[in-house]
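Hi everyone, thanks for making time this morning.

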Amino acid sequence: MIKEYVKIESPFTGGRVFEVSDVEEKKFRGEKFIVNVRYFQCEDTGEQFTTTEQDSLWTRDLYSQYRNRHGIPSPEEIKTIREGYGLNYSQMSRILGFGINQLKNYEGGQIPSESNGKMLRIAADPLTMMNLLEISRNELSASEYERIRARIALSCYEQTRQRELASLYR
């Protein structure tokens, strides 16, 4: 545990405050994680308080560990997958079988269930995405389907080409 005095007044006494950096065990979805935490402590009363920024830091750390443990893509990865296929939220959600706002929430930082996280992870593979598109064909208009199919086919081609090039340099 590291303690450093900071230039703010205690909301409890108006006295001195120090910031504490420590590690704590936190539970999330029934699992335990060790995260770095920061909080302020009043020198006079010993009471602790935090800022939104301090809480956000350990929460991000916790979510990142959970995502890594379960193979769930980050919000940025989810957005990259969706945009890579040229899909809007509605189209991607219909192909994956998600609720209308779920994908938007996941890209905004909400943690998907493990099953939805795995679905998002496998959707990154163009061949798998093509299979998901075929299964969901009736969820899309004919023109949407054809446009999306062409975009995913291009992704399949690009992936195959990259693998071929990589094998030449091994």
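Let's start with charges: a search of the whole structure finds eleven salt bridges. Please keep in mind that this is a predicted model. As a reminder, side chains of opposite charge can pair when their charged atoms come close. I'll show you three of these pairs.

Here is the pair of Glu31 and Arg69, whose closest N and O atoms are 2.8 Å apart. Are the two partners buried or exposed? Glu31 counts as buried because its relative accessibility is 18%, under the 20% cut-off. Arg69, with a relative accessible area of 46%, is partly exposed.

Next, find Glu77 and Arg121, which form a salt bridge with their closest N and O atoms 3.7 Å apart. This pair also links distant parts of the chain: Glu77 is in helix α2, Arg121 is in helix α5, residues 114–123, and 44 residues separate them. Glu77, at 36% relative accessibility, counts as partly exposed. Arg121 is partly exposed too, with a relative accessible area of 35%.

Now to Arg82, which belongs to helix α2, residues 75–84. Which residue does Arg82 form a salt bridge with? The partner is Glu107, and the closest N and O atoms are 2.6 Å apart. Glu107 lies in helix α4, residues 102–107, so the pair ties together parts that are 25 residues apart in sequence. Both Arg82 and Glu107 are buried, and for Arg82 the relative accessibility is 7%. Salt bridges with shared partners join Lys79, Arg82, Glu83 and Glu107 into one network. Leaving aside neighbours within four places in sequence, Arg82 is in contact with Leu87, Asn88, Tyr89, Met92, Leu103 and Glu107.

Let's move on to a pair of helices. The axes of α3, residues 89–96, and α7 come within 12 Å and cross at roughly 85°. That makes the two helices roughly perpendicular. Where they meet, you'll find Gln91, Arg94 and Ile95 in α3, and Glu144, Arg147 and Ile148 in α7.

Finally, follow α7, residues 142–168, to Leu165. Leu165, Leu168 and Tyr169 form a nonpolar patch on the surface, with about 380 Å² of accessible area together. Leu165 itself counts as partly exposed, at 33% relative accessibility.

Notes: Residues numbered from 1 in each chain as written. Predicted model: local features only at pLDDT ≥ 70, side-chain atom pairs only at ≥ 80, totals over all residues. Heavy atoms only, no water. Patch = residues over 30% accessible without salt bridge, like charges linked within 9 Å, V, L, I, M, F, W, Y side chains within 5 Å. Areas by Shrake-Rupley, 256 points an atom, 1.4 Å probe, with all protein chains shown as cover. Salt bridge = Lys/Arg side-chain N within 4 Å of Asp/Glu carboxyl O. Helix = DSSP H or I, 4+ residues; strand = E, 2+ residues; numbered from the N terminus. Buried < 20%, exposed > 50% of the residue type's maximum accessible area, 1.4 Å probe, protein only. Axes fitted to C-alpha atoms, helices over the stretch in contact; angles between N-to-C directions. Parallel < 35°, antiparallel > 145°, perpendicular 65-115°, else oblique. Contact = heavy atoms within 4.5 Å.
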